[in-house]
Amino acid sequence: MTRRRTADEVRPAVDVRARYGGVKVGSAFFGWLTATGTALLLTALLAAGGTAVGLASGADVRLAADKVQSNAESVGLTGGVALLAIIFVAYGCGGYVAGRMARFNGARQGLAVWVWALVIAAAVSALVAAAGTKYNVLAHLNSFPRIPLKEGDLTDAGIAAAVGVAVASLVGAVLGGLAGMRFHRRVDRAGA
């Protein structure tokens, strides 16, 4: 039978949290990398699945394009929901990595992953604005999850989609950070 630790023995664990807690920028960066990679992989899998379903049903490419144009609203809604799901899962994975690496403050780590995404997006936008659209690499990547709208076409639906993506990525990252930190809480409770 194990003996219970006294308050003086447990107190150093609290000091460790105060000493090593807080936002770890490196952990958040690797969480952002994980989120980006996961989003790319999930988008590729979704596109491959959609292609496989289209090929399995014997649909002609022109016929499929005509169906999409005639039913653009439902295809846009389905694409938007799929995008939100991919973004939520991807940023959940990124937040998990950051929370697990940092050990403490999982919600803050998830928030830091999201902030990294904003900083990188702002830096790429500034670089594209300075260099011109000729060097906009992200506009030419078809495998990266994007809001299903043309660039420069900001309507009410486009703004709602952008806000939805921002909220889904933030919530996913924070929940992932909390889940990543949870492992360490179980280890700490077992040691106490």
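A residue counts as buried under 20% relative accessible area, as exposed over 50%, and as partly exposed in between (1.4 Å probe, protein chains only). By this definition, 23% of the 192 residues of the protein chain are buried. The model is predicted, so local features need pLDDT of at least 70 and side-chain atom pairs count only at pLDDT 80 or more, while totals for chains, interfaces and linings use all residues. Residues are numbered from 1 along each chain as its sequence is written, and side-chain values use heavy atoms, with hydrogens and water left out.

The protein chain holds 7 helices and 0 strands. Helices (H or I, at least four residues) and strands (E, at least two) are DSSP runs, numbered from the N terminus. The order from the N terminus is α-α-α-α-α-α-α. Contacts are heavy atoms within 4.5 Å. Among contacts with a separation of 6 or more, 85% join residues 24 or more positions apart.

The chain exposes about 12600 Å², by the Shrake-Rupley method with a 1.4 Å probe, where for residues only the protein chains shown count as cover. Carbon and sulfur atoms supply 68% of this area.

Phe88, Val89, Ile159, Val163, Val167, Val171, Leu175 and Leu178 form a nonpolar surface patch with about 650 Å² of accessible area together. Helix 4 (72-102) and helix 7 (156-191) each give two or more residues to the patch. Helix 7 gives the most, with 6 residues. Patch residues have over 30% relative accessible area and no salt bridge, and nonpolar side chains (Val, Leu, Ile, Met, Phe, Trp, Tyr) are joined within 5 Å. A salt bridge places a side-chain nitrogen of Lys or Arg within 4 Å of a carboxyl oxygen of Asp or Glu. Leu178 lies in helix 7. Leu178 is partly exposed because its relative accessible area is 38%.

Conventions: Patch = residues over 30% accessible without salt bridge, like charges linked within 9 Å, V, L, I, M, F, W, Y side chains within 5 Å.
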